[in-house]
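These are my notebook entries. I wrote down what I looked up, step by step.

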Amino acid sequence: MKLFESELKVVNIGLESFRQGLTDAGVKSVQAQFKPPLSGETALFARAAKNAAKIEAANKKALAKVLEAKPALVGMGRAIDVVPGMKKDLILHAGPPITWARMCGPMRGAVIGALIYEGLAKDAKAAEKLAASGRIKYEPCHEHNCVGPMAGIVSASMPVFIVKNQAAGNYAYATQNEGLGKVLRYGAYGPEVIERLKWMENTLYPALKAAIESLGSIDLKSMVAQALHMGDEVHNRNRAGTSLFYRAIAPAVIKTCPEPKTAAAVLDFINGNDHFFLNLSMALSKASLDAARGVKGSSMLVVMARNGTDFGVQLSGTGGLWFTGPAPVPDALYFPGYSKADANPDIGDSAITETNGLGGFAIAAAPAIVQFVGGNAADAVNYTLAMYEITCGESNIYKIPYLNFRGTPTGIDVIKVAKSGILPFIDTGVAHKDPGVGQVGAGVLSAPPEPFAKAFEHFARTLK
Amino acid sequence: MIKTVIKKGAYFDSVSLMQVAKRLNTMEGVLDSAVVMATRENKGIIKASGLLTPEVEAAGDSDLAIAVSAKTPAAAEAAFKAADELLNKKPAQSAGASDRKAAGLDDAIKMLDGANLAVISVAGRFAGPLAAECLEKNMNVMLFSDNVPLETELALKKAAQKKGLLVMGPDCGTAIINGAPIAFANAVSRGNIGVVAASGTGLQEVTVLISNEGAGISQAIGTGGRDVKLDIGAITLIQGLKMLAADPATEVILIVSKPPHEAVLKKILAEVKKIKKPVVAVLLGGEIKDKVKPDFYAAKTLEEAAYKAVCLGKGREIAKAREIIYDTNLKAAELAKKEAARKKKSRCLRGLFSGGTFVSEAQVILPELVGELRSNAPLDKKYKLANSLELSGHAVIDLGEDEFTVGRPHPMIDFSLRNKMIVSEARKPEVSVLLLDVVLGYGANLKPLEDITPAITEAFIRNRELSIVASVTGTETDPQVRSKVVKGLEAAGVLVMPSNAAACRLAGAIIKLGSRK
């Protein structure tokens, strides 16, 4: 029969030492990693397998919506004026829904800061009281077409970028990035934080708004595609993206700004913040993935997000349901003087980039930040390669030079995650667990298994 | 003091974990340790050692539990640190993208175009579904994993049969496909003898004897021990026979098995009858009375089967097989005389084996020489040892039985338990002969001499009249190199024979000659 007549080629799953004999005999072999499935309910896997063709068709449709998306920066506005459902007493936050009582330190700090910034409380003490009073409502950014990094706090007067998916017509919103150090998104709320937010509202926002209006729109998708070729993965590294954005916006800022001094201050601010582009890459991802919502029978993820307490996911085919589990503490490189003991569990909507095939999924494109994954460029490549195992397809636009311009792994399939045990790989910044301290490190983590197990089991139970 | 560390959601295969535990136990100040996935079964296992702390009890299936019993907190901390390092150790060569691990099965198949064999050694509860997936992807499967349910085995084998694929196992330790040793196998010469074996050590022994006798192996297919049970009906064994019958490179076929179910044996022999090539069969502890066909040859021992196959393979008369055995017997008789002369009186024989099939073979050969022989794996239930740890009279034990291997690597890899027993048996004045097997090859202990010699030296110090007889299952091209191991053992005072059967006969003869005094 065939086996004896063909060249023996072995896939070894389990004990790696078994490859030695094969290697010595000149037989080609590959070691395949094995991880236990996330769910012990084998009947559900069988049910998913029975429906595989249908699910695949649905996922193809959902993935097509993501790949066809044409996200462009089309304007700016105040949250209260443009974000759907925004109200004066509403605060939007990162991740799945959470009450004040369960919020982590940095998110509480950011809420306190936002209440002071809005003039709803005169100091931190008053803000904390108000925050806990029940008079302030909290809802996820994701439920308002928004995304926010880290604490992800959006309040009524905050200016937001407006990103339009010109293919499907939907919109996504994100605030302007404050930079590093003591900033609201890491839970800082001191006077300098509020002062910066006010400057961003009164100076940065009008200047950028006028500049964007004079340009009409800025194509973010091709900007991200270029940034990947320049060493960004547009989550932990946004240096190229920020530079590209700067190049696009600078002439318009100078042209539209009434005072050269203001124009210089605005451009200096963007130039001085390597992460300025992050909020745009997040809004671009959000605009792309929201278009893929509501595809019946699709097991593709449209959201991965964390609120510093819980990690939550949403699927295209399961409507507005959140599947959550405890957020893990990232494995990170810490700034001097800090350690894992200081770290808050993972936080922020920025995992929307991974959901869109960027960030950790595109880390093979960002060799400059491989110290986050052990310092070895090959490790980064391997992380990206592993993600192809759990995705529905590959990007047609975002490509990785090192992989011969292969498209990034895009569209996480919860069934593949549950079955293979391979968890999405996420780049992330790390917040101090106490409000007001700010960022203490950056690194990577694998998403926790629980939300995926729950999402898979729920999804599979609805199958016939 | 007992200290515990739980690592949530960190999966490691049990062999890696046992290797870590083994290392921790050698650390100073560490009395005992358990490094296990916190499954219910594992909790049960470590309960006995007193390492089941409340933290371990509370941990779940997907959590890694490290429990250390240590003299000081510092020793426990050092053990945890060492465990961390061992578990996260990266391979020596930088894993470049070209030699990277595949993230999963699909990835592996993409990396290795035309992959046609999957070797699976993950925990039994995951092995079945994984094997099914490999079959779906048109790969043959060797299932090293044990603890796979019988109905899963049947379903896998039926699915494979439909697609013309082979499922070797579960609990299949060895095979040689297209010249390549798979899992626990030896580096043997290629040749015209094809083997199908429902016994792992049996397959190793016959392929080694054939190769060392100057003949060679075309293919050696393992079936897993349960294949010849009524429930499975020898699906793989019969598929293997058909494949070897059709294989132009195979001119002689050799079947190795424990006695199959009667109905299954009938099926096997019906298949043998159709084969237009000479067939040799050994059913250890069983007999084939049927003549089957003119060029069918039954054998009683692995040795006889191997040498008969060699004669057929080389076109010699089958009777020559006896001559090969006769030659080794001449040498054995002389040695036996010398050894018996050293003793006041020969009394008990104790066989400490790492290979299960050798225990069966010993029970076929020894009773004729020494009389009643007990075992923890008896061919006849009548001779079951009451307590495997308290040997009495003449006894042979299989250290690869579950009672010894739970929470410990297989005795072919980890000699520590047998080493302890070599010394403790030697201390008993009634013990005159120790009978051992040393199995070489891929997968087996890579430093057998280094590991076994101290125990042997100690044994001879404790018992000046003791004889130690051993066989070494291996070839010159095995990573351990047979002649080096033989020389080392002989230097330590061990009488080394070319086969397990010959070693059994020598050990038996020493007892027989010495007991007449």
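What covers the buried residues of α10(B)? I keep in mind that this is a predicted model. The cover includes α9, β12 (279-283) and β13 (296-299) of chain B.

**Entry: the helix itself.** I looked up α10 of chain B, which runs over residues 262-274 and has 13 residues. From its first C-alpha to its last, α10(B) reaches 19 Å, close to the 18 Å expected at 1.5 Å a residue. I then checked burial and found Val264(B), Ile268(B) and Val272(B) buried in α10(B). They lie on the same side of α10(B) because they cover an arc of only 80° around the axis. On the face turned away from the buried side I listed the exposed residues Glu262(B), Ala263(B), Lys266(B), Ala270(B), Lys273(B) and Lys274(B).

**Entry: domains of chain B.** I noted three domains in chain B: domain 1 (2-87), domain 2 (105-322) and domain 3 (324-515). The C-alpha centres of domain 2 and domain 3 of chain B lie 27 Å apart. How many residues of domain 2 of chain B are in contact with domain 3 of chain B? I found 29 residues of domain 2, in contact with 30 residues of domain 3. On the domain 2 side, β8, α8 (200-212), α11 (302-313) and α12 (320-342) of chain B each supply at least two residues. The largest share of that side, 8 residues, comes from α8(B). I sorted the residues of that side into 12 nonpolar, 9 polar and 8 charged.

**Entry: chain A against chain B.** I looked up the contact between the chains, which takes 39 residues from chain A and 51 residues from chain B. On the side of chain B that touches chain A, α5 (105-111), β4 (117-120), α6 (124-136), β8 (180-183) and α9 (235-246) of chain B each supply at least two residues. α5(B) gives the most to this side, with 5 residues. The residues of this side of chain B divide into 31 nonpolar, 14 polar and 6 charged. Ile13(A) stands opposite Ile120(B) in β4(B).

**Entry: one lysine in chain A.** I found Lys129(A) in helix α7 of chain A (residues 124-132). Is Lys129(A) buried or exposed? Lys129(A) counts as exposed because it has 12 C-beta neighbours inside 10 Å.

Conventions: Residues are numbered from 1 along each chain as its sequence is written. Chains are lettered from A and ligands numbered from 1 in the order in which they are written. This is a predicted model: local features need pLDDT of at least 70, side-chain atom pairs count only at pLDDT 80 or more; totals for chains, interfaces and linings use all residues. Two residues are in contact if their C-beta atoms, placed from the backbone, lie within 7 Å. Helices (H or I, at least four residues) and strands (E, at least two) are DSSP runs, numbered from the N terminus. Ala, Val, Leu, Ile, Met, Phe, Trp, Tyr, Cys and Pro count as nonpolar, Asp, Glu, Lys and Arg as charged, and the others, Gly among them, as polar. Two strands pair if DSSP finds at least two bridges between them. A residue is buried if 20 or more other C-beta atoms lie within 10 Å of its own, exposed if 12 or fewer, and partly exposed in between; C-beta atoms are placed from the backbone. The expected span of a helix is 1.5 Å times one less than its number of residues. The arc is that of the directions from the helix axis to the C-beta atoms. Domain bounds come from an automatic or database domain assignment.
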